[in-house]
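Here is a short tour of one protein chain.

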Amino acid sequence: MNLADAGHDVMIVDNLSRRKIDIDLGVESLTPIATIGDRLKAWEQVGGKRIEFVLLDIAKEYDRLLALLRSEKPDAVVHFAEQRAAPYSMKSSATKRYTVDNNVNGTHNLLAAIVESGLDIHIVHLGTMGVYGYGSHRGATIPEGYLTVEVPQADGSRFTERILHPTDPGSVYHMTKTLDQLLFFYYNKNDSIRITDLHQGIVWGTNTRLTEKDPRLTNRFDYDGDYGTVLNRFLMQAAIGYPLTVHGTGGQTRAFIHIRDSVRCVQLALDNPPTSGEKVKIFNQMTESHRVADLAEKVAALTGAETNYQANPRKEAIDNDLIVDNRCFLELGLKPTTLDDGLLSEVVDVARRWADRCDRSRIPCLSAWTTRQAEAIAARP
Ligand SMILES: NC(=O)c1ccc[n+]([C@@H]2O[C@H](COP(=O)([O-])OP(=O)(O)OC[C@H]3O[C@@H](n4cnc5c(N)ncnc54)[C@H](O)[C@@H]3O)[C@@H](O)[C@H]2O)c1
């Protein structure tokens, strides 16, 4: 909607798999989500430029994807189409395999189809900060995608090289995003595909200026243990009087971005494409980093919520540092929305409004990374 509002001709290509996963899991977004047909109609009724929709599985329907690119000749493809939850990806071998098949094939099909089409299409991909890993960075600032390293030679001399920052995925989902990164590296080198890879932090917030125009345009608000992201979950838990579920010590540090900034960044990336022959552009799409325990404290101070420290379902470092360079978007004009801008209470208000749709039994995160974490979860009081 943001892009259509800015005058672009927009077509959504989606297989609606996210809605099917809701049905399989027996859980729903806290905010009621209209059918895709009603959403498109609502957008036109509020005066938005018409958005087209094509039901297509990019991981499985290669020929249709290629035909679509050939007929539409897009200037750019914004690639969101992946299974996006780490806990869901770790639920079972079936969800691990689905996440790899879907995400890696989808990205590869898109790249191969662009090459076969012969068109010069800029890909803007939504990746994750998780590709860098959440282990110790020993106080180093995480650069935007590339690291300059010195390589020692046998004769004692050294040369410098700019390499992709080493990856350290913490889940099968994150692993697929690191594989995407390598696919982009290869297709950019071999076929000169122009690519911007956005290493995005955890999105928080629910509404943008445009989703607020009509209730049928509202965004998903996932609160369940599989799809809910940490800050939105805390805000929703506070809204319904459920103790905030901090996993482990809460020393985990993560990067965050408000949904309004996320859509702005996609627009900035599209408006500033790589030039022909330029390496993959990598932007760290985040605006601030916080320890999970500090977030819980902030939400508790705002709402009076209690905090419940629980066995961590993830196999991960007890705590980690996360200092991130995000200069690219700031230099392009992004004005970050921060946690202190008053929008935390807006999310609590949204959650309170839909509190009766919450199934409290779906709040705990029960997807364990290994049997060791599963045992710890089972022993929770
Ligand atoms: N939400 C976050 O906090 C966050 C953080 C970092 C990165 N991201 C990335 O941003 C992107 C969008 O995330 P989101 O939160 O809007 O997720 P989402 O699940 O709401 O959106 C992804 C969409 O892709 C579709 N899809 C999945 N596989 C497909 C396929 N094979 N063919 C066609 N469509 C397919 C789904 O139906 C869904 O509508 C994802 O790639 C995600 O990994 C999200």
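What percentage of the residues in the chain are buried? Buried residues make up 40% of the 381, where buried is defined as having 20 or more other C-beta atoms, placed from the backbone, within 10 Å of the residue's own.

## About the model

This is a predicted model, in which local features need pLDDT of at least 70, side-chain atom pairs count only at pLDDT 80 or more, and totals for chains, interfaces and linings use all residues. Residues are numbered from 1 along each chain as its sequence is written.

## The whole chain

The chain holds 13 helices and 15 strands; these are DSSP runs, numbered from the N terminus, with at least four residues (H or I) for a helix and at least two (E) for a strand. Its C-alpha trace spans about 65 × 55 × 40 Å along the principal axes.

The radius of gyration is 21 Å, which agrees with the value near 21 Å for a compact globule of 381 residues. That rule is 2.2 Å times the number of residues to the power 0.38, and the radius is taken over C-alpha atoms.

Now look for the open sheet of 3 strands, ordered S9-S11-S13 with mixed pairing. Strands pair if DSSP finds at least two bridges between them. At the edges, strand S9 (202–204) and strand S13 (288–291) each pair on one side only.

S9 and strand S11 (residues 253–258) run parallel, joined by 3 bridges. Here Val203 stands opposite Ile257 in S11.

How values were computed:
A residue is buried if 20 or more other C-beta atoms lie within 10 Å of its own, exposed if 12 or fewer, and partly exposed in between; C-beta atoms are placed from the backbone.
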